[in-house]
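Student: Hi! Could we go through this one together?
Tutor: Happy to, here it comes.
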Amino acid sequence: MPGPTYSAKELLDRLISFDTTSHKTNLPLIRFVEDYLAQHGLASSLTFNEERDKANLYATIGPQDIGGIGLSGHTDVVPVAGQNWDTDPFRMTERDGRIYGRGTTDMKGFLACVLAAVPMLQSRRLSKPVHILFSYDEEIGCTGVRPMIARLGNDLIKPEMVIVGEPTGMRVVTAHKGPVRWDVDVHGRAVHSSMAPLGVNAISYAGRLLGELAAIEEHLANTSRDTRFDPPYSTLQVTLIKGGTATNIVPVSCNFGFEVRALPGLHTNAIEQRVKDYASRLLAPMHAVAKEAGISIQQTNCVPPFAVDADSPVVSLALELAESNHTHAVSYATEAGLFQDAGTPSVVCGPGDIAQAHTANEWIEASELDRCMEFLGRLSDRLSA
Ligand SMILES: [Zn+2]
């Protein structure tokens, strides 16, 4: 017996009602999707996090033994705390052609379209499968999808290509920058500021590191160039700093964070090595005063930059399905670079406008869902041809 059919809007209504803010469990939503797919005769493979309170979901429609087209999206949403909403963010509200609710644009709208397309895809004899890949913890650094990607090509069939449905207004995005972040901790020795030479001033040493970072920032601005992006080069910025305890104490510690927004092709490992080399040259004078002094540099997150070859089949397929001739580059990051780096060519293409993502009163045009359904309808036609 065929399972139930719902419109994308009806499914979006359900998906929004699960509060999947990144720090909360996404399991009720995943169980709902698993149950819905099971009603259509589809088995889901879940990949849990260590605490087993979140999971990725993978399912295949059509042939189960070859790689096909992956449709990928994240189930988590950003917090509503501190935002002024006119409606309940976890209840779908439609007004004047707009659908309001947390995640409507980023990116439960796409998930709802994919689920709404399941009965249509299931009714066809597909020459190649469609894989559903739903992740968690995208909004806190694309960390959740990684264990599922690690299974692709092992116990899960690796898609031939992936379409990541982050909001692009259904434009085909073939490149984005990647944010890579580090935390730097400088540990010195505190003394009364009248006895400064007996201490190791953590803020002063941090200042030298900041000087080196400024030099790298300038180097990046003057070397790499990719005019698809604005700004057209990789940037480095110090984003946080904290240090010292009182105006009459040589500070024992200084901690700061910096990030690189990397263009595709930039080797951020080389940047990290340059900063570490510079830090290691500071250690001798620090240790001459205090053996316990030190500098630690930890990468806290790495979302790789993304670029797919213009002649890759995933680009021509996505352009055909989007009925477009143009590809685009964007400044926000997605999971596409992770799929791409794992050997699966990817594009980003999904309903909604990124300008509404993460905002109070987040909304999506209802017509964007229709456009995404048309895109998936053409995919279904293409695979059954
Ligand atoms: Zn997103």
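This is a predicted model: local features need pLDDT of at least 70, side-chain atom pairs count only at pLDDT 80 or more; totals for chains, interfaces and linings use all residues.
Student: How many residues of strand β8 are buried?
Tutor: In β8 (residues 172-176), 5 of its 5 residues are buried. Buried means under 20% relative accessible area, with exposed over 50% and partly exposed in between, using a 1.4 Å probe and protein chains only. Strands are DSSP runs of E, at least two residues, and helices are runs of H or I, at least four, numbered from the N terminus.
Student: Which way does β14 run against β8, parallel or antiparallel?
Tutor: Parallel: 4 bridges join β8 to β14 (residues 327-330), and A175 stands opposite A329. Pairing takes at least two DSSP bridges.
Student: And what about β13?
Tutor: β13 (residues 306-307) pairs with β8 in the antiparallel sense over 2 bridges. There, A307 is the bridge partner of A175.
Student: New topic: which residues coordinate the zinc ion?
Tutor: H74 (NE2), D106 (OD) and E166, through two OE entries, at 1.9 to 2.6 Å. Donors are N, O and S atoms within 2.8 Å of the metal (3.2 Å for Na, K and Ca), and water is not among the atoms, so sites may look incomplete.
Student: How are H74 and D106 placed?
Tutor: H74 lies in strand β3 (residues 69-74) and D106 in helix α3 (residues 104-116), so the pair ties together parts that are 32 residues apart in sequence. H74 counts as buried because its relative accessibility is 0%, and D106 does too at 4%.

Notes. Residues are numbered from 1 along each chain as its sequence is written. Side-chain values use heavy atoms; hydrogens and water are left out.
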